[in-house]
Amino acid sequence: MQTWQQPQQDAAVQFWLPSSNAYFRGQIDGVLAEHSSRFAAWLVAESTIIPNKDHVPQAGSRTWGWSQASFISFRPDMSWDDAVAHWHSHHTRVAIDTQANFEYVQNVVVRALTPDAPAYDAFVEECFPLEAMTDAPVFFDAVGNDEKFAQNTKAMAESCAGFIDFSRIDIIPTSQFDFAHLDAK
């Protein structure tokens, strides 16, 4: 776990809403406020790089494995356009090739929706096998292959350093639950 914000997030919740306008999301903001001491919200542009086809979420159940929520800020010495260009044109391929993720979603922050929201530039959602939480070769898709493990960790570290501000990053292990079925009620 890497942390920048204090206090750290206790949970991450995502919604698909027809409008990000505060007037229209008031009920959701009210529920979040009722069940937490604080919350922050962002409007994002989502790109699903690897859809979860291997361990499809089941309504109301925890998704197999574990998920990692990465709240990232871009390097201050790069323009926003250059950081996104590196992330999308270079890093995406590195992340696909060097990890055992079965879901990978990139979210570019469009704007904060709450006044106290930390100034993140992007969020990444990734799902991994449960063993990847404590076994780095599983995480880096290199079980039983020390050379591949070294290559994958080096490639990932170098690529991340190409656009991420490591002094302003929060990486949180989470579980993924799908409650979309509740919309029908």
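Modeller: A residue counts as buried under 20% relative accessible area, as exposed over 50%, and as partly exposed in between, with a 1.4 Å probe and only protein chains considered. This is a predicted model, in which local features need pLDDT of at least 70 and side-chain atom pairs count only at pLDDT 80 or more, while totals for chains, interfaces and linings use all residues. Residues are numbered from 1 along each chain as its sequence is written, and side-chain values use heavy atoms, with hydrogens and water left out.

Biologist: Why is serine 61 called partly exposed?

Modeller: The relative accessible area of serine 61 is 33%, which lies between the cut-offs for buried and exposed, and therefore the residue is called partly exposed. Serine 61 sits in the loop between strand 1 and strand 2 (66–74), where helices (H or I, at least four residues) and strands (E, at least two) are DSSP runs numbered from the N terminus.

Biologist: Which residues does serine 61 touch, leaving aside those up to four places away in sequence?

Modeller: With contact meaning heavy atoms within 4.5 Å, and with residues up to four places away in sequence not counted, serine 61 touches Gln176, Phe177 and Asp178. The C-alpha atoms of serine 61 and aspartate 178 are separated by 6.7 Å, although the two residues are 117 residues apart along the chain.

Biologist: Why does histidine 91 count as buried?

Modeller: Histidine 91 has a relative accessibility of 6%, which is under the 20% cut-off, so it counts as buried. The residue lies in helix 2 (residues 80–98), and, once residues up to four places away in sequence are set aside, it touches His86, Tyr104, Met156, Ser159, Cys160 and Phe163.

Biologist: What makes the phi of aspartate 141 worth a remark?

Modeller: The phi of aspartate 141 is near 50 degrees, a positive value in a residue other than glycine. Most residues other than glycine have a negative phi. Aspartate 141 is in the loop between helix 3 (136–139) and helix 4 (146–161), and its relative accessible area of 36% makes it partly exposed.

Biologist: Why is strand 3 described as largely enclosed by the rest of the structure?

Modeller: Strand 3 (residues 103–112) has ten residues, of which seven are buried, so the strand is largely enclosed by the rest of the structure.

Biologist: How do you know that strand 3 and strand 4 pair?

Modeller: Two strands pair if DSSP finds at least two bridges between them, and strand 3 and strand 4 (residues 122–128) have six bridges in the antiparallel sense. Strand 3 also pairs with strand 1 (residues 42–50), again antiparallel, over eight bridges. Glutamine 106 stands opposite serine 47 and also opposite valine 124 in strand 4.

Biologist: What makes strand 2 count as mostly covered?

Modeller: Nine of the nine residues of strand 2 are buried. Trp66, Gln68, Ser70, Ile72 and Phe74 point one way from the strand, whereas Ser67, Ala69, Phe71 and Ser73 point the other way. Strand 2 runs antiparallel to strand 4, joined by seven bridges, and antiparallel to strand 5 (residues 164–174), also joined by seven bridges. Tryptophan 66 has phenylalanine 128 as its bridge partner in strand 4, and isoleucine 72 stands opposite isoleucine 169 in strand 5.

Biologist: How many helices and strands does the protein have, and in what pattern?

Modeller: The protein has four helices and five strands, which follow the pattern α-β-β-α-β-β-α-α-β along the sequence. Its radius of gyration, taken over C-alpha atoms, is 17 Å, close to the 16 Å that the globule rule (2.2 Å times the number of residues to the power 0.38) gives for 185 residues, so the protein is as compact as a globular protein of that length.
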